[in-house]
Amino acid sequence: MGQVERTFHLAREAKQGRLKPWPRAGGTAGLLFFEPSTRTQKSFEVATVRAGLFPVSFNAGAGTSMEKGESVEDSIRNLAAMGHELLIIRAGEGVDMGALANQLPQPVLNAGWGKRGHPTQALLDLFTLQERRELEGARIVFVGDILHSRVVQSHLEVLRVLKVPYAFCGPHAFLPQDDVKRFARLRDAVEWGNVLMFLRYQNERHSSQQNKGSVVTDPQSPFREFFLHDEDLAMLPATTAIMHPGPVNIGQELSQGAYHDPRSMILDQVTHGVWLRQALIHQVLEVSQ
Ligand code: CP
């Protein structure tokens, strides 16, 4: 069994309540977030509790010693020195997470690193798909702001291992230069793919030149052609999955109707994320079954 399949197997065990928890009382996990989060942080908190550890969350910003000038790296080193069993870190790409993780006494899980990657999101997306309808036969189209998506970076690593075909569909200026199959219109992508992975329009990572406003407020928005409207739902085959790693900007990437369509797996992704993260905690702590 490969590493990804092993993680999915453990996530399925977590789903069925069969994963053994951390065996020693008083264990803690440090959740250190230097960028905003709702899903990842809270999902890791729930997964931590289910894994038998107490979550200790730190959110950078007001009320922390970063206001007094403490750096991200020093904050991490100090929080790591408190003796947590593991750390779960989200930070910007200015932080050398790889080098830092090698200096820390406990294992580190990447909860999102600038534009560079978000591996637990990619794994939970694919675990959700596997559980809902099998990965076998999936053809995934990433739709929208692909250039700025750390989720896509991590997806590509996993999809190459699993040999799942994928393509891009988005405005030319928001596509990476990779030699990847691409579609200039959503309706063409829908004919090829059976999983539409919409991506958040990442306003905060755009240059002012790229930032031309939203689909809702700006009829010239480059994302207009890639928006999934209520009226588009009729053209989607019954077997097409609608996915989004979140947070969703309703009215920018897809409509309210698309979000709640029976083919949407968006909230399922959140539910499966807790089991997947519990499995990863179990793996990095090497809890025996
Ligand atoms: N998908 C995701 O990373 O969401 P959050 O930024 O809310 O954690």
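The side chains of Glu131 and Arg12 form a salt bridge, with N and O 2.7 Å apart; the term denotes a side-chain nitrogen of Lys or Arg within 4 Å of a carboxyl oxygen of Asp or Glu. This pair connects distant parts of the chain, since Glu131 lies in helix H5 (residues 119-133) and Arg12 in helix H1 (residues 3-15), 119 residues apart. Helices (H or I, at least four residues) and strands (E, at least two) are DSSP runs, numbered from the N terminus.

The model is predicted: local features need pLDDT of at least 70, side-chain atom pairs count only at pLDDT 80 or more, and totals for chains, interfaces and linings use all residues. Residues are numbered from 1 along each chain as its sequence is written, and side-chain values use heavy atoms, with hydrogens and water left out.

Glu131 has a relative accessibility of 25% and therefore counts as partly exposed. Arg12, at 25%, is likewise classed as partly exposed. In this classification, buried means under 20% relative accessible area, exposed means over 50%, and partly exposed lies in between (1.4 Å probe, protein chains only). Arg12 and Glu131 also belong, together with Lys15, to a network of salt bridges.

Across the whole structure, the search finds nine salt bridges. Arg132 is partly exposed at a relative accessible area of 39%, and Asp268 is partly exposed at 23%.

A further salt bridge lies within a single helix. Lys42 and Glu45 meet through their side chains at 3.2 Å, N to O. Because these residues are three apart in helix H2 (residues 39-50), about one helical turn separates Lys42 from Glu45. Lys42 is partly exposed at 45% relative accessibility, whereas Glu45, at 17%, counts as buried.

The strands complete this account. Four of them make up an open sheet in the order S2-S1-S3-S4, with parallel pairing; two strands pair if DSSP finds at least two bridges between them. Strands S2 (54-59) and S4 (108-113) are at the edges, each with a single partner strand, so one side of each has no neighbour in the sheet. On average, neighbouring strands of this sheet are turned by 15 degrees against each other, direction ignored; the axes are lines fitted to C-alpha atoms. Strand S1 (residues 28-33) runs parallel to S2 and is joined to S2 by six bridges. Leu31 stands opposite Ser57 in S2.

Definitions and conventions: Axes are lines fitted to C-alpha atoms, for helices over the stretch in contact, and angles run from 0 to 180 degrees between N-to-C directions.
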